[in-house]
Amino acid sequence: MSAGHGHRLYRPGDSPVHRLPPHCKLLALVGFVLATVSTPREVYWAFGAYAVLLVGVAVLARVPAGFLLRRMLVELPFVGFALLLPFVANGPDVQVLGLSVSRDGLLGAWNIMAKGTLGVVAGVLLAATTELRALLLGLQKLRMPPLLVQIMSFMLRYGGVITAEMGRMRIARESRGFVARDLRQTPAVAKSAGALFIRSYERGERVHLAMLSRGYTGTMPVILDTRATGAQWAAAAALPVAALVVWAGALTL
Amino acid sequence: MHIPNGFIDGPVSAGAAVVAVAGIAVGLRGARRELDERTAPLAGLVAAFVFAVQMLNFPVAGGTSGHLLGGTLAAILVGPYTGVLCVAVVLLMQGLFFADGGLTALGLNITIMGIVTVVVGYGLFRLALGLLPARHSSVPIAAFVGALVSVPAAACVFTGFYAIGGTTDVSIGKVAGAMIGVHVLIGIGEAIITAATVSSVLAVRPDLVHGARGLARPLELRSAGGTR
């Protein structure tokens, strides 16, 4: 519970990607994702080019492939959905491996897998190279309402505490022989959830009082000033500009 | 289940993003009324609670499991505006930092799982509470009704978005059947957990349940002799 340790999404490092200011990286991510999403799905080579760009960023940031692959598991539920599409979609059928599947469904599945995966990898790279606290500062720099940024920072700061509290409750339940088999066990789980809410709310009240006693007036002081130089903007723009070139190529070729 | 990039087309995603931004703006404004100057820490902690409680899985038929969406629960416990805000913040964090749900689908995810579940769930909760006798024991029943409908309602809205902006031509009947069928089951789980959680908070700290405000009996002063 003590402070000072990084989040498990973040990989500490000192690569050129790590050193870029957070708001530049956020805008680069948005630009890249917009380019991938608006690329027509039939231009297969463009998605290969996007993937090469991301691999380049990963190599530059020294993020190992194993870490990326593990973090990509978040995508799995929709992969299942995408795999179903060729069998349920309408339109003319094609033969693949002896199975008759819908052509449009096949393309749709490819579309979701390609664009979804590129988005996930780009997002994972951002989180792996930027401390979450810095990302919040970046959002504030990009004119997100300060109150929203504060709420997000509190959620981030106490998310681990509350989740750990829930884990301790689960261990306490299970050490007393509790097994959640079906909905009949709901009351026990729900009582834990209720207790968790009360503890979270009361912790919020204590946090607020602690902030007041330290002179909180409604805004958080900005200790870390992250101003971007022209060179840093240019470096961050490399990814979206390269993606834009691919995108333009995909539309014209 | 978060919508990834490329699932719904650009114009519809952009439209949903506008709805989401408007929803968050209304939520921010209303949350300040519900929580006054304690908004930042309290909404933050409630968002952390929603985030944690979403990890509670419960078994649905056929070996699959659903997890709590928590929109109705948050709205009943802390008020509808703070509820929308907290769920939206959780989705924002998941989309921006955890790569869970696409960046361009963020508006869709917030509209469907944040705004629709809270508006439908809390609206029905209020309606049911108005019809039931004004007692504390009515609150979990109304919470059950609200949560039960909120999840299939979200699935309906998803189907609607898919009908106008889906990138693959699947007959809407199939999408609606699959989505709503599964989510009716998830809704039952959500309703049971929501009602039980609300009732357990109500038993310990009735003052913390926003939806039960006004149900507490006013303090009665009696003299030592028992006369009023």
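How many helices and strands are there in chain A? Select chain A and colour by secondary structure: there are 10 helices and 2 strands. Keep in mind that this is a predicted model.

**Stop 1: chain A as a whole**

Follow the chain along its sequence. The pattern reads α-α-α-α-α-β-β-α-α-α-α-α. Chain A is more spread out than a compact globule, because its radius of gyration is 23 Å, well over the 18 Å that the globule rule gives for 253 residues. The spans are about 65 × 60 × 30 Å.

Switch to a colouring by accessible area. Of the 253 residues in chain A, 47% are buried. Contacts are worth a look too. Take those between residues at least 6 apart in sequence: 74% of them join residues at least 24 apart.

**Stop 2: the second largest pocket**

Show both chain A and chain B. The second largest pocket has a volume of about 750 Å³. Its lining counts 32 residues, and the closest to the centre are Val30(A), Ala17(B), Leu96(B), Leu103(B) and Leu106(B).

Chain A brings helix 2 (22-37), while chain B brings helix 1 (10-35), helix 4 (80-97) and helix 5 (106-131); each gives two or more residues to the lining. Which helix gives the most to this lining? Highlight helix 1 of chain B, with 7 residues. Then colour the lining by residue class: 22 are nonpolar, 7 polar and 3 charged.

**Stop 3: Asn109(B)**

Stay with helix 5 of chain B and select Asn109(B), which lies in it. Is Asn109(B) buried or exposed? Its relative accessible area is 3%, so Asn109(B) is buried. Draw a distance from a polar atom of its side chain to the backbone nitrogen of Ile3(B): 2.9 Å. Now show the residues it touches, leaving out those up to four places away in sequence. For Asn109(B) they are His2(B), Ile3(B), Leu91(B), Gly101(B), Gly102(B) and Gly114(B).

**Stop 4: Ile180(B)**

Move to helix 7 of chain B, residues 172-204, and pick Ile180(B). The relative accessible area of Ile180(B) is 25%, so this residue is partly exposed. Beyond residues up to four places away in sequence, Ile180(B) touches Ala155(B), Cys156(B) and Val175(B).

Finish with a longer reach. Select Val139(B) along with Ile180(B). The two are 41 residues apart in sequence, and their C-alpha atoms are 26 Å apart in space.

Technical notes
Residues are numbered from 1 along each chain as its sequence is written. Chains are lettered from A and ligands numbered from 1 in the order in which they are written. This is a predicted model: local features need pLDDT of at least 70, side-chain atom pairs count only at pLDDT 80 or more; totals for chains, interfaces and linings use all residues. Side-chain values use heavy atoms; hydrogens and water are left out. On a 1 Å grid over the protein atoms alone, a cavity is a set of points where a 1.4 Å probe fits but cannot get out, and a pocket is an open set with protein on both sides within 12 Å along at least five of seven lines; lining residues have an atom within 4 Å of a point. Grid points are joined across faces, edges and corners, and a volume is the space filled by probe spheres set on the points. Helices (H or I, at least four residues) and strands (E, at least two) are DSSP runs, numbered from the N terminus. Ala, Val, Leu, Ile, Met, Phe, Trp, Tyr, Cys and Pro count as nonpolar, Asp, Glu, Lys and Arg as charged, and the others, Gly among them, as polar. Buried means under 20% relative accessible area, exposed over 50%, partly exposed in between (1.4 Å probe, protein chains only). A polar contact is a pair of N or O atoms within 3.5 Å; within protein, one must be able to donate a hydrogen and the other to accept it, and residues adjacent in sequence count only if both atoms are side-chain atoms. Contact means heavy atoms within 4.5 Å. The radius of gyration is taken over C-alpha atoms; the globule rule is 2.2 Å times the number of residues to the power 0.38.
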